[in-house]
Amino acid sequence: MDHSPSIITQVTRDEEENATGPLTGKGANEVSPSKKPRSRGLLHSLFCCLCHKESEPPAVKNNAPLLVEENGTLSKVPARPLLPRIKSNDAEKICVVIDLDETLVHSSFKVYVLKRPHVDEFLKRMGELFECVLFTASLSKYADPVSDLLDKWGAFRSRLFRESCVFHKGNYVKDLSRLGRDLNKVIIIDNSPASYIFHPDNAVPVASWFDDMSDTELLDLIPFFERLSKVDDIYDFLQQQRTSS
């Protein structure tokens, strides 16, 4: 298999500057590309991030879709669900929220967007097994056209962008309780722990990716998600994985 860098789009400098810095759009969540993460084993990569305490999130009950305001307080009025009513062919499936930058692709100051190795196999299989949702802290003007080129199989049933995030203590947080799905059937795949600080028990962390074309993390995750797709409650499954690792 050819693992040479795969450039899926090229944008202008104006578009780059309007999409917050080096196109990644992560804002305060972004990891500097000058410091590459050390390689990690699969199970370590999945769950080691959950062992470190982040700043205390607001007290959000798992099934109460309350809106977290920018100052960190909870709104008394439940927010409107971010996702539309689930389609009948996805009704029994787990909802998997997938990050974009440094998880599936990497964008740089050279204004190229590189695909992570094995992203095609990963998205194709995930779209078969789950209700997949793209959720990125990037602006839609950048992330939407990138997703058009990236998602050849229509794996993403919905796409959520920065305006759907909650700005909490300097980070764009993806509040899973606002999706309109039962949280015991929601998973988030993201390289930034700050993105899922409200729901760390629902997270499958991945290592940040920049340009290592020998990376196999997405490929290695496929068997894990094939097993997870068959469970009724993601919390029991993930807890077992953390205990065994």
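**Loops first, then helices**

Modeller: K169 is exposed, with a relative accessible area of 55% (exposed means over 50%, buried under 20%, partly exposed in between, with a 1.4 Å probe and protein chains only). Keep in mind that this is a predicted model, where local features need pLDDT of at least 70, side-chain atom pairs count only at pLDDT 80 or more, and totals for chains, interfaces and linings use all residues. Residues are numbered from 1 along each chain as its sequence is written, and side-chain values use heavy atoms, with hydrogens and water left out.

Colleague: OK, where is K169 found?

Modeller: In the loop between β9 (166-168) and β10 (171-173); strands here are DSSP runs of E with at least two residues, helices are runs of H or I with at least four, and both are numbered from the N terminus. Phi of K169 is near 50°, a positive value in a residue other than glycine. Most residues other than glycine have a negative phi.

Colleague: And E102, is that buried or exposed?

Modeller: E102 counts as buried, because its relative accessibility is 0%. E102 sits in the loop between β4 (95-98) and β5 (105-107), and its phi is positive too, near 70°.

Colleague: Switching to helices: at what angle do α5 and α6 pack?

Modeller: About 135°, with the axes of α5 (residues 217-228) and α6 (residues 234-244) 11 Å apart. That makes α5 oblique to α6, since angles under 35 degrees count as roughly parallel, over 145 as roughly antiparallel, 65 to 115 as roughly perpendicular and the rest as oblique.

Colleague: Which residues meet there?

Modeller: F224, R227 and L228 from α5 meet I234, F237, L238 and Q241 from α6, where contact means heavy atoms within 4.5 Å. By class, that contact has five nonpolar, one polar and one charged residues.

Colleague: Which residues of α6 are buried?

Modeller: I234, F237, L238, Q241 and R242. Down the axis of α6, the buried residues fall within an arc of 135°, so they line one face of the helix. On the other side of α6, D236, Q240, T243 and S244 are exposed.

Colleague: What caps the N-terminal end of α6?

Modeller: D233 does, with a side-chain oxygen 2.8 Å from the backbone nitrogen of Y235.

Colleague: Last one: what's buried in α3?

Modeller: In α3 (residues 119-129), V119, F122, L123, M126, G127 and L129 are buried. Viewed down the axis of α3, these buried residues fall within an arc of 165°, so they line one face of the helix.

Methods:
Axes fitted to C-alpha atoms, helices over the stretch in contact; angles between N-to-C directions. Nonpolar A, V, L, I, M, F, W, Y, C, P; charged D, E, K, R; others polar. Arc of directions from axis to C-beta. Polar contact = N/O pair within 3.5 Å; in protein donor to acceptor, adjacent residues only side chain to side chain.
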